[in-house]
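Subject: Structure handover

Hello,

Here is the structure I said I would pass on. My notes on it follow below.

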Amino acid sequence: MNNRQITANPLAQYWVTLMLLLAISGCSSSASVKINTTFPQVLAEPKPINVAILFNDSFSAYQARPTKNTHLDIGTAQVQLFKNAFKGLFSEIEFVATADSIGEQTSLVITPSVREVQISTPSDNYLNIFEVWIKYNLEIKTADGETLTNWFMPVYGKTPDSFMASKSAAIEHATITAIRDAGAKLILDFYRIPAVYDWVSKQRLKEDLG
Amino acid sequence: MMVELSHNSILALVLVALSVLSGCAATTTIDKYRPSTELIALNSNEKIALLGRRDAGHHETDREFINCVASKIKAANIEVLDEQTFINAIYPWFEPRTAPRGLPRLKRLLQQPLVKAEINQQAVRYLVWLDGSTETQDQSGSISCAIGPGGGGCLGFAQWNKLSVYEGIVWDLHLLEEKGRLRIDSEGTSYLIGAVAPIPLLTPVKSDACNSMGTQLTSFFSTQ
């Protein structure tokens with residue numbers, strides 16, 4: 001009888017420990033998200049400008065840690081979205097990983113980078129939603145190396161509500177919405193950047209005179 | 001005396017039960033506006049696209065409601081293009097940042113040949129914007145449940161109101177004009193009675209709003 005109790009106790013302890021671990025992991029507020037979705041092609045008429053887009057490693061393999069418990073891998077997704085968006089802006093375009101690879105015909109060199117990623121959860125914002133902000137910077141240079149502008153491009157995404165499958169699923173949804181917003185912002189505002197607008201006008205004038 | 005009291009008790013119980021059950025029915029109000037009484041003609045090769053408004057800060061028209069309304073309209077043999085398919089095909093022009101809020105912006109958007117061609121390609125003739133949300137209000141009461149070696153049970157009473165407010169606007173993408181709009185307000189109270197087992201008496205407020213929206217939108221169109 002005693003022997004039976006001794007052999008049963010470790011098993012019971014094992015099950016209790018397992019249940020406790022499961023319960024604790026279920027309550028954990030950490031989230032690790034990798035965005036693997038595909039983004040649609042943009043519907044826009046590109047301008048005949050020869051442009052090189054420099055996706056350096058820090059951008060194409062970008063991983064954010066907006067809070068100590070949240071890890072966001074957005075590098076691949078943002079490269080795909082930016083490729084789609086830039087194809088809607090320029091008719092002649094090359095994507096390069098280093099400045100050495102830029103072709104001679106290039107008129108503009110654009111280097112996107114991420115300045116910051118922020119997230120907000122229902123416990124932070126007292127709303128029923130998860131929110132993600134990604135702050136991009138576009139360094140726009142001429143072929144001569146003259147900086148036209150550094151364009152700060154904040155984008156935003158949120159969930160419809162917080163009743164999603166998990167915190168990870170909610171953050172993934174909000175991040176995808178934010179990355180899609182980057183495409184919308186680029187197509188809508190790129191040629192409205194004063195420095196870009198002036199440069200394009202001057203190029204057109206040169207072509208007309210030449 | 002005893003018999004009279006029993007009758008009164010039964011009557012009171014019946015009244016309470018009736019009032020609780022009648023409380024479970026949603027009250028729905030429909031406001032409909034159309035510039036003409038003629039039905040909107042929809043050819044067999046034309047579709048409508050149902051889109052939810054996503055640009056409000058405090059709420060976002062949920063996809064569940066849009067899918068529900070779409071299924072009601074499809075049941076009337078009207079072809080409905082899936083919301084995400086339409087948004088992806090026209091990307092990025094119907095994202096929260098870029099979606100036209102009014103007809104002047106839509107007219108400018110459709111001046112872009114690529115956008116117009118894609119809408120024609122998708123055979124979308126009418127766009128229906130759905131905007132609104134369902135909110136829980138006035139929660140009161142409490143219910144507690146306990147479990148012990150001898151069994152378990154719940155005791156208490158809780159109630160809450162739900163209010164669904166949705167607006168639908170129909171745009172003609174060929175004539176670039178508004179063909180009608182309607183607003184659905186649906187309200188009802190739900191109860192949870194804890195009498196050993198928890199007994200939910202839920203009012204299908206959102207479902208009523210969906211049914212009304214689907215039925216009314218369907219009545220706008222005549223398929224040919």
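Please keep in mind that this is a predicted model. I start with a single contact between the chains, then take the interface, the cores and a few backbone details.

The side chains of A:Asp181 and B:Arg97 form a salt bridge, with 2.8 Å from N to O. The count of salt bridges between chain A and chain B is 2. Polar contacts between chain A and chain B come to 6 residue pairs, counting pairs with both residues at pLDDT 80 or more.

On the chain A side, strand 8 (147–158) and helix 5 (167–189) each supply at least two of the residues that touch chain B. Helix 5 of chain A has the largest share of that side, with 8 residues. By type, the chain A residues that touch chain B are 12 nonpolar, 3 polar and 5 charged.

How many residues of each chain are in contact with the other? For chain A the number is 20, and for chain B it is 20. The size of an interface is often given as the accessible area lost when the parts come together. Here chain A and chain B bury about 1,700 Å² between them, and 57% of that is on carbon and sulfur atoms. The chain A residues that lose the most area to chain B are A:Leu43, A:Lys158 and A:Arg180, which together make up 40% of what that side buries.

Next, the nonpolar cores. The largest one has 78 residues, and the members that touch the most others are A:Phe82, A:Ile134, A:Tyr136, A:Leu186, A:Phe190, B:Phe86 and B:Phe94. Helix 5 of chain A gives the most to this core, namely 10 residues.

Another core lies apart from the largest one; it has 24 residues, including B:Leu42, B:Ile78, B:Leu182 and B:Cys210.

One residue in chain A that I looked at separately is A:Thr142, in strand 7 (residues 131–142). Is A:Thr142 buried or exposed? It counts as buried because its relative accessibility is 8%, and the cut-off for buried is under 20%. Not counting residues up to four places away in sequence, A:Thr142 touches A:Ser107, A:Leu108, A:Leu148 and A:Trp199.

Last, the backbone of chain B. Most residues other than glycine have a negative phi, and most peptide bonds are trans.

- B:Tyr91 and B:Pro92 are joined by a cis peptide bond, with omega about 5°. B:Pro92 is in the loop between helix 3 (83–89) and helix 4 (103–109) of chain B.
- B:Ala123 is not a glycine, yet its phi is positive, about 60°. B:Ala123 is in the loop between helix 5 (113–121) and strand 5 (124–148) of chain B, and at 23% relative accessibility it counts as partly exposed.
- B:Asp138, also not a glycine, has a positive phi of about 45°. B:Asp138 lies in strand 5 of chain B and is exposed, with a relative accessible area of 55%.

Regards

Technical notes
Residues numbered from 1 in each chain as written. Chains lettered and ligands numbered in written order. Predicted model: local features only at pLDDT ≥ 70, side-chain atom pairs only at ≥ 80, totals over all residues. Heavy atoms only, no water. Contact = heavy atoms within 4.5 Å. Buried area = accessible area lost by both parts, 1.4 Å probe. Salt bridge = Lys/Arg side-chain N within 4 Å of Asp/Glu carboxyl O. Polar contact = N/O pair within 3.5 Å; in protein donor to acceptor, adjacent residues only side chain to side chain. Helix = DSSP H or I, 4+ residues; strand = E, 2+ residues; numbered from the N terminus. Nonpolar A, V, L, I, M, F, W, Y, C, P; charged D, E, K, R; others polar. Buried < 20%, exposed > 50% of the residue type's maximum accessible area, 1.4 Å probe, protein only. Core = buried A, V, L, I, M, F, W, Y, C linked by side-chain atoms within 4.5 Å.
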